[in-house]
Amino acid sequence: MLEGMRIIEIGHFVAAPFATRLLADLGAEIIKIEPLTGDPVRQWGEMVDGHSLWWSVHGRNKKSIALNLKDPDAKALVLRLVAEADAVVENFRPGQLEKLGLGPEVLREAKSDLVVAHISGYGQDGPGRDRAAFGLIGEAVGGLRYLTNHAPGTTDLPPVRVGVSIGDSIAGLYAAFGIVSALWQRDRKGGDGAARTVDVALSESVLSMMEGMLPEYGMLGKIKQPTGGAIATAAPTNAYPTKDGNWVLIGANSDPLFGKLAALMEAPELLTDPSYVGNRSRVLHAEQLDARIAEWTRRYDIADLLAMLDKADIPNSKAYTAADCAADPQYRARRMVREVEDPAFDRPILHAGVVPHVVESPGEVRWAGPAVGAHTDEVLFELAGVSAEEIARLRSKGAIG
């Protein structure tokens, strides 16, 4: 679907590489410029024979070229590649590209209508632009970390991490959306053909997801509080324990669904108890209602509960582990869990599929995350017109890998 779009990624860690992976899955050509030692994520997570399993997904569908950006010859190569590209995406600290001699003005000397996408902790301007930040800081400043906790007064443990680099990934999503939007405005019929700058901040990306947090504070002075597994605006909806040590998620937060759940629990008195008549009352008394439901769910193993809830047509799920995701027939049917050949490993590796699923142009995993500099020669020869002799010279002096 994005075939013909060429993006240069000068990124590392999570945010920019996640953005380009999304675009690559939908057909864009991504040229990832890595240091000679590779993206640090190549050393993250579980390893098999020195190869990161996460990297197989994180770097998939991209062409890797290894350049020493401190070398003037390498910087000249970047500009030759930029001249043939639609956009550049980077996630260094603001001003770092300029220090490397590759600031937006320099890049646009090579390609005047270039879209440049920056991802940083706080954005490219403002009083906080130069502060150090990673995804966890963006999650904190965006209001998410305060909310990833149980209700106030129920624990003295610190707010927990979501479990993945969610702040980085949200920023990557916004960057991918911004790049496609900027290119559409530039290149569509009647477009203006102008360069654009996409400025994505981790903190702002997270804050934009915070639903009613800001308007409730601005109008009512109310500070949104953590709610553990519950939802502050609807009940019952939570995770409940099972007899065999699992957790079942139940969402019965409309009157018809609550009626179905009360019938399934053989507890018709819940429907006439003033504490539970209507959603507002149920929210006010959610703690005791959840206790009643948990008392019921503890009587059953997870499989029996899921079957009962499905039969009653009540939204439900086990809290999935990796094993559950991998075996799920719905994921398998839609190829959201698929086996991918990766030459770094002796058998196929599981990858998450392509999102969004565009029915007519579903995207594809064309190859797994490549070795550092796997495409250096190919890209320099085909796009920058660099001869084999020049490639050999640049490699011998340490400008390329």
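Helix H1 is followed by Gly27, whose phi is positive, near 110 degrees. Helices (H or I, at least four residues) and strands (E, at least two) are DSSP runs, numbered from the N terminus. The structure is a predicted model, in which local features need pLDDT of at least 70 and side-chain atom pairs count only at pLDDT 80 or more, whereas totals for chains, interfaces and linings use all residues. Residues are numbered from 1 along each chain as its sequence is written, and side-chain values use heavy atoms, with hydrogens and water left out. H1 spans residues 15-25, and eleven of its eleven residues are buried (under 20% relative accessible area, with exposed over 50% and partly exposed in between; 1.4 Å probe, protein chains only). Among them are Phe18, Arg21 and Asp25.

The largest cavity is lined by Glu90, Arg93, Pro94, Gly95, Gln96, Leu97, Glu98, His118 and Gln124. A cavity is a set of points on a 1 Å grid over the protein atoms alone where a 1.4 Å probe fits but cannot get out, and lining residues have an atom within 4 Å of a point. Helix H4 (residues 96-99) gives the most to this lining, with three residues.

Two cis peptide bonds are described here. The bond from Ala235 to Pro236 has omega near 0 degrees, and Pro236 is in the loop between helix H10 (213-220) and strand E9 (237-241). The bond joining Val355 and Pro356 is also cis, with omega about 5 degrees.

Glu211, although not a glycine, has a positive phi of about 50 degrees; Glu211 is exposed, with a relative accessible area of 71%.

Notes
1 Å grid on protein atoms, 1.4 Å probe; cavity = no way out; pocket = protein on both sides within 12 Å on 5 of 7 lines; lining within 4 Å.
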